[in-house]
Amino acid sequence: MFIGYFTERPYQDRTADWYKASGVGLLDLTLSNGVIDADVQADLYHRYFDEKLYIEEMGFDGVMLNSHHSTPFCMGGGPMNLEAAVLARITKKLKIILLGNVLPIWDDPMYLVEELAMIDVLSRGRLVSGWVRGTGRESVAHNAQPPYNWERFLEAHDFIKKAWTQDGPFRFEGEHYQYRYVNPWVRPYTKPHPRIWLAGIMSRATIDFAVENRYPYVMLDSKLELTAQVFEYYREKAREHGYQSGPQNLGYMFKICIEETEEKAYETGRKLIEGAGNLFLDGSQGQANPWAQNLPGLNTRKASGYLPTAQYVHNIESRGLNLKGEAIDFTAQAAETPAEHEFRRKQIFDGLLERHAVIVGTPESALKQVRHVLETLRPGNVIFWHGDGDFTHEDTMRGLKLMGERFLPAVREIGRELGLQGAWEADPNGIPLEPADELAAGV
Amino acid sequence: MTAVLHAASRDVEVSGLNVHLNELGAGEPVIVLHHSTGPLLGAFHDRLALSHRLICVDLPGYGQSVRPVRARSPRDLAIYVSQLLSALELGPTHLVGFGFGGWVAAEVATMNQDSLATLTLVGAAGIKPRAGFIHDPMLNGYIEYMKAGLSSDEVFDEIFGVEPSKDLLDLWDYSREMTARLTWKQWMWNLILPDLLRGVRTPTTLVWGSEDRVVPRDCAEQYLANLPNARLEIVEGAGHLVELEQPHAVAALVVDAITRAL
């Protein structure tokens with residue numbers, strides 16, 4: 001089993017008015033970066049690197065970085081590859097998983113060819129170069145034309161892979177990207193190229209593409225039962241493509257909080273969805289901006305193109321089809337009294353716990369819940385989402401210590417028991433189907 | 001919305017693409033190009049159809065016209081419109097464009113002015129304002145955009161109702177996607193258009209609502225300064241969607257423009 005660690009690296013400023021850990025909804029893309037304090041920012045970047053070093057010490061296999069732009073909930077927007085470069089230099093063993101670079105927003109993907117190759121070289125082959133399509137905010141931040149998001153994703157992918165694997169110089173004339181002279185003077189350490197993973201929750205097309213290319217696919221904080229359906233879709237598509245996918249092809253990221261006592265775990269765990277937490281996610285006190293989320297043409301108009309995890313109805317509504325021509329008053333959703341806020345806070349969080357969207361507990365009690373997740377989904381790669389939202393450095397370090405000493409070894413044992421081999425333990429190309437299986441799959 | 005007089009629909013194939021037309025009225029033909037929010041027939045069309053034959057074009061990718069997936073700019077649409085004019089074999093004809101459709105009409109004029117008898121640009125986009133921006137619906141949705149297109153929110157309610165129909169929302173949603181394919185950036189302007197307008201001799205009437213909150217008046221001034229044969233008419237009290245707020249006044253201005261050119 002592969003065990004990774006993830007945090008969004010939130011910009012936390014508990015002295016600021018906007019930082020409503022106590023509750024008023026913050027509408028996405030409405031907060032000015034004028035609130036950024038240089039020292040707070042510097043301290044946080046250093047803190048998150050320090051925590052990564054401890055993650056390695058505590059025995060995690062890898063660290064995942066992501067890239068959301070123009071938002072306080074993720075400090076790794078544009079700088080994600082820079083973070084990865086630093087990690088490549090200061091860590092020794094951690095796999096550096098980028099999930100990922102938002103391909104369509106790059107007008108010049110040659111930068112990705114070069115930067116990622118250098119990260120792979122610096123880390124001597126520890127890079128996993130994940131690609132994503134991004135949410136609307138990413139297209140907004142870099143003013144990428146949303147209707148061509150998927151076309152640009154595919155073409156940038158092809159270009160980067162070609163530039164990594166084919167000796168230069170060569171010429172590339174695509175529809176969206178053109179280069180007269182491709183001959184980058186840094187080449188990936190990993191041959192033929194760094195590992196590529198994909199991630200998402202929305203689009204069937206991305207899974208189809210992952211299967212066609214034998215790329216592992218990671219589901220991000222999605223609902224358990226729906227995730228199981230998506231994983232089954234991946235397996236079916238793999239069979240159609242003539243191979244048996246295994247746990248090594250699937251990854252699942254979910255929130256977790258480990259403490260010495262149940263009570264402490266509950267209290268600390270609530271911080272995962274508070275403070276500057278990801279606005280898109282269930283339980284967050286902020287609100288995604290529906291218009292920016294679903295920019296025109298960013299997502300397919302066909303219901304059949306969506307995964308069960310995509311909540312298609314919400315997608316349609318956020319494009320305004322069921323709106324009544326009235327502006328949505330997001331702030332009206334904030335509780336009016338502290339008691340009401342506390343009630344809602346508990347209600348939301350308890351709901352998340354009930355459906356295993358967040359797991360909290362002692363190393364021993366959390367393990368039972370993790371087993372349930374692993375048995376349900378059978379991923380070979382798990383990424384624990386921790387140290388986020390309103391977590392302090394102390395919260396994070398305390399949790400990491402407990403995980404390293406009393407939790408991760410037991411998770412690995414469950415992985416062995418269930419035969420959940422990670423991406424580095426089994427062939428990522430899966431197993432070719434036996435002739436009889438091929439017949440059944442219609443290959 | 002006001003009911004439209006009897007309109008006949010047909011498709012015309014232009015470079016292999018089906019372009020949908022709605023025709024109404026009889027008399028001297030007038031080609032009408034719609035806003036970026038899609039084809040919407042109303043009182044303006046009814047009024048003008050009393051004296052003229054209106055040929056209302058669903059621009060490629062809008063309404064019921066097929067989407068040209070390789071089109072990347074409004075100028076690409078202008079080429080389709082230009083080819084449509086040839087296919088219709090009407091001789092020099094009158095072209096009216098609203099907003100984004102006005103931009104397309106201006107592009108047609110720069111490349112094929114011999115096909116035009118008159119040009120009427122109503123709140124036309126296409127030129128970068130020297131101050132401010134052309135209003136952008138991409139980050140706050142098409143309902144807010146439509147409201148900005150009118151002189152007040154009350155007028156929006158009067159025209160579309162407090163709860164616009166699903167058909168309207170679908171139209172605006174679908175149209176916005178096509179617009180994003182064509183002019184996401186630069187938003188609603190073409191750098192060279194003012195230069196090219198200098199060679200357009202077509203008699204041109206610019207019509208602007210005095211309360212236009214979408215395309216700044218400065219764009220009208222630049223059209224006026226660069227087109228050698230243009231004049232500007234301001235419709236007092238109207239917003240960007242002049243023809244929705246004062247349909248008869250706009251129809252009268254189009255008739256006047258045509259009459260002057262005779």
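**Exercise 1. In what order do the 8 strands of the open sheet in chain B lie, and what is the pairing?**

Before starting: this is a predicted model, in which local features need pLDDT of at least 70 and side-chain atom pairs count only at pLDDT 80 or more, while totals for chains, interfaces and linings use all residues. Residues are numbered from 1 along each chain as its sequence is written, and chains are lettered from A and ligands numbered from 1 in the order in which they are written.

Solution. 
- Two strands pair if DSSP finds at least two bridges between them.
- Read across the sheet of chain B: the order is 1-2-4-3-5-6-7-8, with mixed pairing.
- Now look at the edges. Strand 1 (8-14) and strand 8 (230-235) of chain B each have a single partner strand, so one side of each lacks a neighbour in the sheet.
- From one strand to the next, the twist averages 25°.

**Exercise 2. Work out how strand 2 and strand 4 of chain B pair.**

Solution. 
- Find strand 2 (residues 17-24) and strand 4 (residues 53-57) of chain B; they are antiparallel, over 4 bridges.
- Pick out one position: Asn22(B) sits opposite Cys56(B) of strand 4 of chain B.

**Exercise 3. Find how helix 6 and helix 7 of chain A cross.**

Solution. 
- Axes are lines fitted to C-alpha atoms, for helices over the stretch in contact, with angles from 0 to 180 degrees between N-to-C directions.
- Helix 6 (residues 204-213) and helix 7 (residues 224-240) of chain A have axes that come within 9 Å and cross at roughly 45°.
- That makes the two helices of chain A oblique to each other (under 35 degrees is roughly parallel, over 145 roughly antiparallel, 65 to 115 roughly perpendicular, and the rest oblique).
- On the residue level, Ile207(A), Asp208(A) and Val211(A) of helix 6 meet Tyr233(A), Tyr234(A), Lys237(A) and Ala238(A) of helix 7.
- Sort that contact by type: 5 nonpolar, no polar and 2 charged (Ala, Val, Leu, Ile, Met, Phe, Trp, Tyr, Cys and Pro are nonpolar, Asp, Glu, Lys and Arg charged, the others, Gly among them, polar).

**Exercise 4. Describe the interface of chain A with chain B.**

Solution. 
- Count residues in contact (C-beta atoms, placed from the backbone, within 7 Å): 16 of chain A and 18 of chain B.
- On the chain A side, that gives 9 nonpolar, 5 polar and 2 charged residues.
- Finish with the scores: the predictor gives the complex an ipTM of 0.94 and a pTM of 0.93.

Definitions and conventions:
Contact = placed C-beta atoms within 7 Å.
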